[in-house]
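Visitor: I would like to learn how to read strand pairing and aromatic contacts in a model. Please take them in turn.

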Amino acid sequence: MSITVPERASAVVIGGGVIGASVAYHLAREGWTDVVLLERKQFACGTSWHAAGLVGTMRANESHARLCQYSMSLLGELERETGQSTGFRQVGSLTIAHSEARFEELKRVASMNNAFGVTRVDMVTVEEIRSLHPLVDTAGLLGGSWVAHDGMASPVDVVSAYIKGARGRGVRCIEGVTVTGIDQANGRVTGVTTDHGAIRADFVVNCAGLWARDLGRLAGVNVPLLACEHYYAHTEKLPDLPPNLPVLRDHDRCAYYREDAGSLLVGAFEKRARALSMAQIPADFCFDELPGHFEEQLMPVLEDAMARVPMLAEVGWRSFFCGPESFTPDDQFHLGEAPELGGFFVAAGLNSVGIQSAGGIGKALAEWMDRGHPPMDLWSNDPRRMFSFHGTQRFLEARVTESLGLLYENHYPYRQYATARDVRHSPLHERLAARGACFGESAGWERPNWYAPPGVEPRYAYSFGKQNWFEHSAREHRAAREGVALFDQSSFSKYLVQGRDACAVLQRISSADVDVAPGRIVYTHWLNPRGGIEADLTVTRLREDQYLVVSGTAVTGRDLDWLARNTPHDARCVTVDVTAGWAVLGVMGPRSRALLETVTGADLSSAAFPFGTWQPVEVGCAPARALRVSYVGELGWEIHVPTDMARHAFDVIADAGAEHDLTLAGMHALDSCRIEKKFVHFGHDIGDEDTPLEAGMGFVCALDKGVAFIGAEAIARQRESEHPLRKRLVQFLLSDPEAMLWHHEPIWRDGSLVGFLTSGAYGHTLGGSVGLGYVKHVDGVSAEWIAGGHFEVEVAGRRIPARASLRAMYDPRGEKARG
């Protein structure tokens, strides 16, 4: 049969697996009438067909939980709409714990998901595990968690239902068409070229699964993912196997179990997977299997499975399967518009959660395309979070071998990747390593997280309690609060915005007034039209036509994209990423002035060098910029030094610091200091669904500056509303000094759930764990309402009394940094 493709479409969706089919279906539900779905071979023939079909709702953040909940609820609706069965059965899911660490994690995850309000997670005893899943040998188990409404579905049937639903709503779903090129003009996609002709389109969606990285390259778009070998085995038919046996997950033994058409399926998430280059996947791959490495990868998992489910040692095995499945560098799927090409969207790299997430992903992306912005906070999946090095073959081949296994590993706080490290170094790296730095990775940068004293190995020993670096970081924290500490902040993103129109561009983008005299530093937000926060940063005016913007380490791509999108094409304004060109030495603490005056010979008194200003200084032979700002909340300066002179500047400061008891401090100390001051962290405490007013940062919004900045109307409406804010960021201090907060712990007021934490760390000065979190109340969140309630924070199922405050509990007036 000959294949014809239309000449024109509103959107072309590439890839006929479960994600592409869902995106096409949901675009049609949004009212898009001429959508085209293209599949190179047959629908579901890549990864979707051999998925395990697990459908769960327990996730690591609220947005993902909501995506999964919608996906599950849609399956029944799809069946009614199309008449096509999805095979969905609500049998429940059970997760078991062998170790105290795993049991602690399950308790924390249960508390977190119950706080999201999407699903109900119950902790269960060993006896209850035995009752729920009679095939399990419970010896050595401590307990588990149970989600009654989870289940499983038939992956091929789910894809078929989406395809049938899409066709019923007018989508042209075409098999046997390969996309060979992505057409573009003036920075936007204009269509696709296929082996059956060209299609002009305003939008193109890359849902190509295993092939998404290669397809992205056709468009000049970075889509970091790579396939791994993924394994499972089927027993022979077991006539006495209960058909409604719950899904069983044994993370400690890298295995999951489900009933499958009268057999028991055992799947593996082994600790170290095998990566697959595209050369190892046949070009005509279609419902195929791979030869695999069963002896090394699958058999150890099956041996453990036979101990946990003893009947497996007595039955025959019908098949052993190996197929390709794509994984990403951070175990987060890619979802959103590519920064490199307007109108080109990506939904790929599902890391084994495609079936359970497909409905939500399709709905979210269709709404994003239709409305021009994401419908919820999806920053953890945004393509802009990725850097160019993430997409290189060598990086991916190393990282995805770890990504697969991490899905079932303990998700300890501050857990660091072991693979694909040492990609980006500060010029101070070797100096700091020699002084005991224990490095963590962020956006590829190796950053000192803490320093080991002499005789202590700089290596993490993970737990959910106080980890092995706790006291060492406490010492660094106290140095910043009471003496002087040096932080290597070189990884912070830095952009030079310059040109005749630089001020006008930044005035429109920035919520604060940045039309200040050269020498001034302005803390500001960049907002979207809804008033949500797109960026949290400082803008320093170097001269009339030149600004330095300093932002977080991981948000470079996001910030640069936002600047590019909101800089008029005819503006005489150019932005350059200068992150790698400048090292930043944060010298912080009450003794920082004395130390730096010795080093620079400059007058650093408040009269000569006020807070929120910068001046040129000399550090030894290195000309530098000294910016008087502080993320620590103490007197201090950030010294910006050209990279080629950074080691010299560090040596000069370190040598002079000996007389001032200078302490090197890491990112953990920076975090504990900032959270005591209620300084926010973008991506955790604030994002595009939070406004500055809700975050307690209305001071960054200069509604009277004479320029209508992006989001000003939304902020004005919220500020002028007769209704009090129903959502506000609150700081909490636990009464139990031994309990540890990390993030997502539920917040209770007078026995009612009112929110959950967005971040947490130990406040060494305040004397307990400190958390930030949004509290919601239908009648408004006021200081009086906060003061009139009894607050508790739930940690692993235990509610701990907590002090709550809208203002920072440490130095609420900000006097120390201005002293």
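**Strands and rings**

Guide: In β26, alanine 535 is the bridge partner of tryptophan 526. Keep in mind that this is a predicted model.

Visitor: In which sense do β25 and β26 pair, and over how many bridges?

Guide: Strand β25 (residues 521–527) pairs with β26 in the antiparallel sense, over 7 bridges. Their hairpin has 5 residues between the strands, and glycine 531 there takes a positive phi near 90°.

Visitor: Which strand do 5 bridges join to β26?

Guide: That is β27 (residues 546–551), which runs antiparallel to β26. This hairpin has 2 residues between its strands, and arginine 543 stands opposite glutamine 546 in β27.

Visitor: Is β26 mostly covered or mostly open?

Guide: Mostly covered: 10 of the 11 residues in β26 (533–543) are buried.

Visitor: How is a pair of aromatic rings described?

Guide: By the distance of the centres and the angle of the planes. A search of the whole structure gives 26 aromatic pairs. Tryptophan 49 and phenylalanine 287 form an edge-to-face pair, 5.8 Å centre to centre with 65° between the planes. Tryptophan 49 is in the loop between β2 and β3 and phenylalanine 287 in the loop between β16 and α7, so the pair ties together parts 238 residues apart in sequence.

Visitor: Why does phenylalanine 287 count as partly exposed?

Guide: Because its relative accessibility is 32%, and partly exposed runs between the buried limit of 20% and the exposed limit of 50%.

Visitor: Which charged end sits over the ring of tryptophan 748?

Guide: That of arginine 799, 3.4 Å from the ring centre. Arginine 399 likewise lies over the face of tyrosine 417, at 3.8 Å from the ring centre.

Methods
Residues are numbered from 1 along each chain as its sequence is written. This is a predicted model: local features need pLDDT of at least 70, side-chain atom pairs count only at pLDDT 80 or more; totals for chains, interfaces and linings use all residues. Side-chain values use heavy atoms; hydrogens and water are left out. Buried means under 20% relative accessible area, exposed over 50%, partly exposed in between (1.4 Å probe, protein chains only). Helices (H or I, at least four residues) and strands (E, at least two) are DSSP runs, numbered from the N terminus. Two strands pair if DSSP finds at least two bridges between them. Rings of Phe, Tyr and Trp (its six-membered ring) pair if their centres lie within 6.5 Å; planes under 30 degrees apart count as stacked, over 60 as edge-to-face and the rest as tilted. A charge sits over a ring if NZ of Lys or CZ of Arg is within 6 Å of the ring centre and within 35 degrees of the ring normal.
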